[in-house]
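Reader: I have not looked at this protein before. Please take me through it in short steps.

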Amino acid sequence: MHLDSINPVIRYDSHGDSIRKYFSSTYFNYENSRSKNKNVLIAAFYSNKLAVNYRQALQKIPKLKEYGNPGSQSYIQMIDGYAGKYAIPIFDSSGIIITVNGINPKNVGQYQFRVIEDKQKVVLPWSKPKLFCRAYLMTKIADPDKEDELSAYLGQFKAAYGTALTFQVRKISTPDSINASVTAYWVKWRPRVVGVFTFSQLPDFLSIFKKQWTSPLENPNQADWSKDTVLKLKKDFSYNENNLIFYLDDIIKSKSIIEYNLVNGKDSTGWTVNDFDFNLVWLKNLSPGKYRLKIRYSVQRDNICTYAFTIQAAWYQTVWAKAALSLLGILATGFLLLLWRSGKQAEKLKEQRISKQLVQTELKSIRSQFNPHFVFNALSSIQGLITKNDPQNASKYLIEFSNLMRDSLKASDKEFVSISTEIKILESYLALEKLRFGFYYQIKVDGQIDASALEIPALFLQPLVENAVKHGISALQKDGQLFVLFDKLNNDMVVSINDNGKGFYKNNSSNGFGLQLTKERIKLLNQTLNDQHIELFMKRTDNITKVIIHFKNWLI
């Protein structure tokens, strides 16, 4: 237990961005219908690098049901967090951080908290909170007319696997009543392969990946995606099915979490850190043979999943065929044959490399469209309007938010969309961001450009505009200015995104995920476009940052 110091992420994060980057969160309390004052709200923060499906946690870990909170309850389940009605599963040694909304330095003398192990042993007796941090969730508990600015910080707690810790808060004036309670259970956990995809099944793989990352706001009754019929546990593969994707039944947000070891007879790759920040292991260019793929999570290296499979040999990969081909090569023009095969192999490798890049880019695009951090920020802003008794603007921005989600999903299934459709998505997005930051923006199209007829790659500009808002004008608040301009230049179209933010450094990797994604996408598009070309460059002039996209021969 760490009771005397506040975790640095909680202590120094003033906007919640770092908290959402490293932690998931859970909120729980008991309803108090007899009193005008609300019960305190207990909050738990825990690592988000590894998680089971948040809405199917009880089915996957039945042990959590043993630690339910009885009585009349009120809880908030975040998009990327567990409900507090039952125990919260913890998978790594970082443990859990507990705070309480409604307790501040003025009223702390009225409250106590304690910690119980496995519902029986008191490991920390009733104590008064000593530390306070910035309130992460907007509530009005301590004073119904004022938002809680501070929360009581109870501490950061750790336990052995198979152990549960229950955190209880009470008022000293009513010692027999519990005002708030939440339980954490440390779970022994190992990976589970739920599906294996070959290169020819990439459309099926992308469909299940998209279903997994679909926001529950779009589909509140979403079923467990890991039971989808598209998922198959195939064990035998032909010689040309030697690029395999092993899909896992967990949520992964850091590639360092997954480690794997591919064993073929006596040969072993050794434990290797995964290549992707997703719940998959991608094995490429496997030779024929019998394999055992061992997978483990770096936070629990003793719990290993083993998946056995076989790559069958082609007729020409057998011993007798190789001998015959070798003899034939000596008698025939072996040099020319070798040259031809080398060229075909190089072409095949190039096609596989481009296909891999296209898939990786689509994976990142799908996930960025449903960024839970952006969804949380948008909903927090709408909640702020409701709290301020501004239902008109709250309703307006709820509509904008739903439009953005719907239009993004429609556009993600298309390779190209009209400029007017792209502008509609930008308008919805900027309206939501303007609610948070108050900046001014304008989108203007040259009168010689037919926005409803001319098409550009789908969701092409949104990452760049989001990058300008996040890294440019967000810090300026109402002084921020953003202009998106579509201009005609002979047979070309030039789109410029201008902002008066602080600017950027060309070699700085923090300029934004959206910018990096767009560069990769342009590179791949230019390999497929005929007689057309896309160029992107940036410059800063007179304290204005300009991102310019040049669509060459786009108006022919």
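This is a predicted model: local features need pLDDT of at least 70, side-chain atom pairs count only at pLDDT 80 or more; totals for chains, interfaces and linings use all residues.

Reader: Is W189 buried or exposed?

Author: The relative accessible area of W189 is 17%. Buried means under 20%. W189 is therefore classed, with its 17%, as buried.

Reader: Which residues does W189 touch, not counting residues up to four places away in sequence?

Author: W189 and D92 are 97 residues apart in sequence, yet 9.7 Å apart in space, C-alpha to C-alpha. For touching, the cut-off is heavy atoms within 4.5 Å. With residues up to four places away in sequence set aside, W189 touches V52, K60, I61, F91, D250, Y297, Q300 and N303.

Reader: L154 has its place in a strand. What is the relative accessible area of L154?

Author: The strand that holds L154 is β10 (residues 150-157). L154 is a buried residue, and buried means under 20% relative accessible area. The value for L154 is 2%.

Reader: How many Å apart in space are L154 and D4?

Author: Leaving aside neighbours within four places in sequence, L154 is in contact with L3, I98, V100, F113, P129 and V169. In sequence, L154 and D4 are 150 residues apart. In space, C-alpha to C-alpha, L154 and D4 are apart by 9.0 Å.

Reader: Is K38 buried or exposed?

Author: K38 is found in the loop between β1 (23-30) and β2 (41-47). Not counting residues up to four places away in sequence, K38 touches K140 and I141. K38 and G102 are 64 residues apart in sequence and 8.5 Å apart in space, C-alpha to C-alpha. The relative accessible area of K38 is 57%, and over 50% counts as exposed, so K38 is exposed.

Reader: What percentage of the residues of the protein count as buried?

Author: The protein has 11 helices and 29 strands. Among contacts between residues at least 6 apart in sequence, 70% join residues at least 24 apart. Of the 556 residues of the protein, the share that counts as buried is 49%.

Reader: How do helix α9 and helix α10 pack, roughly parallel or roughly antiparallel?

Author: Helix α9 (residues 419-437) and helix α10 (residues 462-473) have axes 10 Å apart, at an angle of about 20°. Angles under 35 degrees count as roughly parallel. That angle therefore makes α9 and α10 roughly parallel.

Reader: What is the handedness of the crossing of α9 and α10, and how many residues of the contact are nonpolar?

Author: The crossing of α9 and α10 is right-handed. On the α9 side the contact is made by E422, I425, L426, Y429, L430, E433 and F437, and on the α10 side by Q462, V465, E466 and V469. These residues divide into 3 charged, 1 polar and, as nonpolar, 7.

Reader: How many of the 12 residues of α10 are buried?

Author: From its first C-alpha to its last, α10 reaches 15 Å, close to the 16 Å expected at 1.5 Å a residue. Its buried residues are Q462, P463, L464, V465, N467, A468, V469, G472 and I473. α10 is largely enclosed by the rest of the structure, because the buried residues number 9 of the 12.

Reader: Which residue just after α9 takes a positive phi?

Author: α9 has 19 residues and reaches 26 Å from its first C-alpha to its last, close to the 27 Å expected at 1.5 Å a residue. Among its buried residues are I419, I423 and F437. Just after α9, a positive phi of about 75° is taken by G438.

Reader: What is the phi of N490, a residue other than glycine?

Author: Most residues other than glycine have a negative phi. N490 is found in the loop between β26 (481-489) and β27 (492-499), and is exposed, with a relative accessible area of 60%. Phi of N490 is a positive value, near 55°.

Reader: Where is the place of N543, which also has a positive phi?

Author: N543 is not a glycine, and its phi is about 65°. At 59% relative accessibility, N543 counts as exposed. The place of N543 is in the loop between β28 (533-541) and β29 (544-552).

How values were computed
Residues are numbered from 1 along each chain as its sequence is written. Side-chain values use heavy atoms; hydrogens and water are left out. Axes are lines fitted to C-alpha atoms, for helices over the stretch in contact, and angles run from 0 to 180 degrees between N-to-C directions. Helices (H or I, at least four residues) and strands (E, at least two) are DSSP runs, numbered from the N terminus. Angles under 35 degrees count as roughly parallel, over 145 as roughly antiparallel, 65 to 115 as roughly perpendicular and the rest as oblique. A crossing is left-handed if the near helix is turned anticlockwise from the far one by less than a right angle, and right-handed if clockwise. Ala, Val, Leu, Ile, Met, Phe, Trp, Tyr, Cys and Pro count as nonpolar, Asp, Glu, Lys and Arg as charged, and the others, Gly among them, as polar. The expected span of a helix is 1.5 Å times one less than its number of residues. Buried means under 20% relative accessible area, exposed over 50%, partly exposed in between (1.4 Å probe, protein chains only).
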